[in-house]
Amino acid sequence: MSDPISPPAQTSPSVQNCTPNLPGFTCGLDATLRVVAGKWKPLILYFLAQGGPTRYGELRRSVRDVSDKVLIQQLKELESDCLVKRTDYKEVPPRVDYSLTPLGHSLAEALVPLCAWGTEHMAEVSQVFAERATWTRRERPPTV
């Protein structure tokens, strides 16, 4: 027989710790999302976490469809947020590489479950986006 006065279901500790107690942020998730805000930052962190220091050209090829301007801007923001370290070897021709700082590594590790979720649900997500594209086409007024 179950206890009629049982305590409510426990919330996972990680969710309990995400409470509005950080100055300037509504919760820890808000702080994290502000750091990785943008379409490209999580991908940049992911590819930098795959190996050691990465040259700009290699990173540019890995993060497909990003413009040079946006990639440079995102890298500068990640560097100013102490997530990415830029090493300029002061050589001719110029040689620069990027790597994760310890803080960047910890954030990249936190993104691993999101990557696993995306891999596991890629077929469903693709189907949802395909359906969304048909909705968008149906909502457009006919062109005259």
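E77 is partly exposed, at 27% relative accessible area. Here "partly exposed" is the band between buried, which is under 20% relative accessible area, and exposed, which is over 50%, worked out with a 1.4 Å probe on protein chains only. This is a predicted model, in which local features need pLDDT of at least 70 and side-chain atom pairs count only at pLDDT 80 or more, while totals for chains, interfaces and linings use all residues. Residues are numbered from 1 along each chain as its sequence is written, and side-chain values use heavy atoms, with hydrogens and water left out.

**Salt bridges**

What does the side chain of E77 meet in a salt bridge? It meets K41, at 2.7 Å from N to O. E77 sits in helix α5 (residues 68-80) and K41 in helix α3 (residues 41-49), so this pair ties together parts that are 36 residues apart in sequence. K41 counts as buried, at 3% relative accessibility. For the record, a salt bridge means a side-chain nitrogen of Lys or Arg within 4 Å of a carboxyl oxygen of Asp or Glu. Helices (H or I, at least four residues) and strands (E, at least two) are DSSP runs, numbered from the N terminus.

A search of the whole structure turns up four salt bridges.

| Salt bridge | N to O distance |
|---|---|
| E77 and K41 | 2.7 Å |
| D30 and R34 | 3.0 Å |
| D68 and R60 | 3.0 Å |

Let's take D30 and R34 next. Both belong to helix α2, four residues apart, or about one turn of the helix. That helix covers residues 28-35. Is D30 buried or exposed? D30 is buried, with 16% relative accessibility, while R34 comes out as partly exposed at 46%. Setting aside neighbours within four places in sequence, D30 is in contact with G24 and F25, where contact means heavy atoms within 4.5 Å.

As for D68 and R60, D68 is partly exposed at 39% relative accessibility, and R60 is partly exposed too, at 26%.

**The overall layout**

Stepping back, the protein has seven helices and three strands. Read from the N terminus on, the elements go α-α-α-β-α-α-β-β-α-α. Of its 144 residues, 21% count as buried. Among contacts with a separation of 6 or more, 42% are between residues 24 or more positions apart.

The three strands make an open sheet, in the order β1-β3-β2, with antiparallel pairing. β1 (54-55) and β2 (84-88) stand at the edges with a single partner strand each, so one side of each has no neighbour in the sheet. Strands count as paired if DSSP finds at least two bridges between them. How many bridges link β2 and β3? There are five, and they run in the antiparallel sense, with β3 spanning residues 96-100. If you'd like one to look at, R86 has Y98 in β3 as its bridge partner.

**Rings and charges**

The structure holds one aromatic pair. The rings of Y46 and F47 have centres 5.0 Å apart and planes at 75°, so the pair is edge-to-face. The cut-offs: rings of Phe, Tyr and Trp (its six-membered ring) pair if their centres lie within 6.5 Å, and planes under 30 degrees apart are stacked, over 60 edge-to-face, and the rest tilted. Y46 is partly exposed at 36% relative accessibility, and F47 is partly exposed at 25%.

There's also a charge over a ring: the charged end of R95 sits over the ring of Y89, 3.7 Å from its centre. That label calls for NZ of Lys or CZ of Arg within 6 Å of the ring centre and within 35 degrees of the ring normal.

**Around A108**

A108 has its place in helix α6 (residues 102-120). A108 is buried, with a relative accessible area of 12%. Which residues does A108 touch, not counting residues up to four places away in sequence? They are L45, A49 and L100. From A108 to L83 is 25 residues in sequence and 9.4 Å in space, C-alpha to C-alpha.

**Cysteines**

How many disulfides does a search of the whole structure find? The count is zero, a disulfide being a pair of cysteine sulfur atoms within 2.5 Å. C82 is partly exposed, at 48% relative accessible area, and C115 is partly exposed at 36%.
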